[in-house]
Amino acid sequence: MSAVQLVGHGGLDQLVYSQSVRTPSPAAGEVLIDVHACGMNNTDVWVREGAYGSDTDPSEVSTWRRGRSTLEFPRIQGTDIVGSIVAVGDGVSEDRLGERVMVDFSIYNRPEGDESLADIDYIGHGRDGGYAEYVAVPSENAYEITADISDAGLATFCCAYLTAEQMLVRSRLAAGERVLVTGASGGVGSAIIQLARARGAIPYAVSSAGKEEALREIGAEDVILRDTEDLVAEVERVIDGPVDVVADLVAGPMFNDLLRILRPEGRYSTAGAIGGPVVDLDLRTMYLKQLELHGSSQGTRTAFRRLVDYIQDGTIRPLLDRTFPLSEFHEAQSTFMGKSYIGKLVVVPDRHWETVGAPYGS
């Protein structure tokens, strides 16, 4: 089959498109999916670059799950998998054949009912993912979707929206509360805006100029430009009332200002640091304001099932910027890293391009 394999840490040259990768077979309890579309995420880039650092050296080349990595090369990345089931392993009903599915990419390493995320891994890291024509996944991770959404649109949800949902769960965002969202035009940020509205909360976006109208269309109450001279003062001018929660995907130099923006006993939640992972923190801001700081990554089975319900009933809608053929993966990831788009980018196996990718193509 055709697939993009990550062969080592480094630049885009470490991503190799091959048409001679062995097609997987589903093991017991697994299904084989004919991949129609797969969304792109920051984790793909950070894992390729080995950019996760270590507890003692933030510049050390290291992958996700510091010090206990399950990454092996070559690895097929890609978490946001959408396709149809074409084969089943032992113990899986043949009634599942033909189902159109979206994959819960998390490897929980815990039994059903245990919501701890202390030992999670994910498809595309601990095992091969969806930047390929076929992928085998545990049957319970493949959720049938019947909503009237294109395959490419459906591939925008998985990682970004699960990450966003878990951030809001961790920070206990409630109806009527105000949440400030950084990196709001990206996949997770735009997901937070929609999911905040689903809770009855009021989201405000921090983003770059030119994206204001699109962010308001998906639910942002208002938009603060991230390069404003005084972020704290601008937030106070724009937002009518206290900020209860900050959902931060940027960090970097603005981190301490985000804590200053929060009301006393406010909650800060992060699942990314595209502006820089090493930050300045005045602990007095944290303890004098009695703030809560929450780290978040991926989400629980319960959160994913809630996401599926939102998709099925139309509570959330895809925000697809464009698609790329799998064979043009280098261009796709270069565009992804440029961050000049709104929402999500999706790759489509070349053999499905005319039916899945072309109507939404670049």
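Residues are numbered from 1 along each chain as the sequence is written, and side-chain values rest on heavy atoms, with hydrogens and water left out. Because the model is predicted, local features require a pLDDT of at least 70 and side-chain atom pairs a pLDDT of 80 or more, whereas totals for chains, interfaces and linings use all residues.

Along the principal axes, the C-alpha atoms fill a box of roughly 55 × 45 × 40 Å.

Of the 362 residues, 55% are buried, where buried denotes a relative accessible area under 20%, exposed over 50%, and partly exposed in between (1.4 Å probe, protein chains only). The accessible surface totals about 14,900 Å², and carbon and sulfur atoms account for 46% of this surface; areas were computed by the Shrake-Rupley method with a 1.4 Å probe, and for residues only the protein chains shown count as cover. Among contacts (heavy atoms within 4.5 Å) between residues at least 6 apart in sequence, 72% join residues at least 24 apart.

The second largest pocket holds about 190 Å³ of space. Pockets were found on a 1 Å grid over the protein atoms alone; a pocket is an open set of points with protein on both sides within 12 Å along at least five of seven lines, whereas a cavity is a set of points where a 1.4 Å probe fits but cannot get out, and lining residues have an atom within 4 Å of a point. Grid points are joined across faces, edges and corners, and the volume is the space filled by probe spheres set on the points. The lining of the second largest pocket comprises 15 residues, with Pro 24, Ile 76, Asp 128, Val 135 and Ala 136 nearest its centre. By class, the lining divides into 8 nonpolar, 3 polar and 4 charged residues. Here Ala, Val, Leu, Ile, Met, Phe, Trp, Tyr, Cys and Pro count as nonpolar, Asp, Glu, Lys and Arg as charged, and the others, Gly among them, as polar. Strand β8 (residues 134-138) gives the most to this lining, with 3 residues.

Most residues other than glycine have a negative phi, and most peptide bonds are trans. In the model, the peptide bond from Phe 73 to Pro 74 is cis, with omega near -5 degrees; Pro 74 is placed in the loop between α1 (42-49) and β4 (80-88). Asn 109, not a glycine, has a positive phi of about 55 degrees. Asn 109 is situated in the loop between β6 (106-107) and β7 (121-122) and is partly exposed, at 45% relative accessible area. For Glu 265, in strand β14 (residues 262-270), phi is also positive, near 65 degrees.

Several buried residues were examined for contacts, leaving aside neighbours within four places in sequence. Ala 155, in the loop between α2 (151-154) and α3 (158-170), is buried at 0% relative accessibility. Its contacts include Ala 37, Cys 38, Asp 80 and Val 346. Val 356 belongs to helix α11 (residues 353-357) and is buried, with a relative accessible area of 7%; Val 356 touches His 36, Ala 37, Asp 151, Ala 152 and Val 348. Ser 296 occupies the loop between β15 (292-295) and α9 (301-313) and is buried at 10%. Among the residues in contact with Ser 296 are Gln 166, Arg 170 and Thr 270.

Two loop residues are exposed. Gly 210, between β11 (202-207) and α5 (212-217), has a relative accessible area of 65%, and its C-alpha atom is 9.5 Å from that of Leu 225. Gln 290, in the loop between α8 (283-288) and β15, is exposed at 54%. The C-alpha atoms of Gln 290 and Gly 266, 24 residues apart along the chain, are separated by 7.6 Å.
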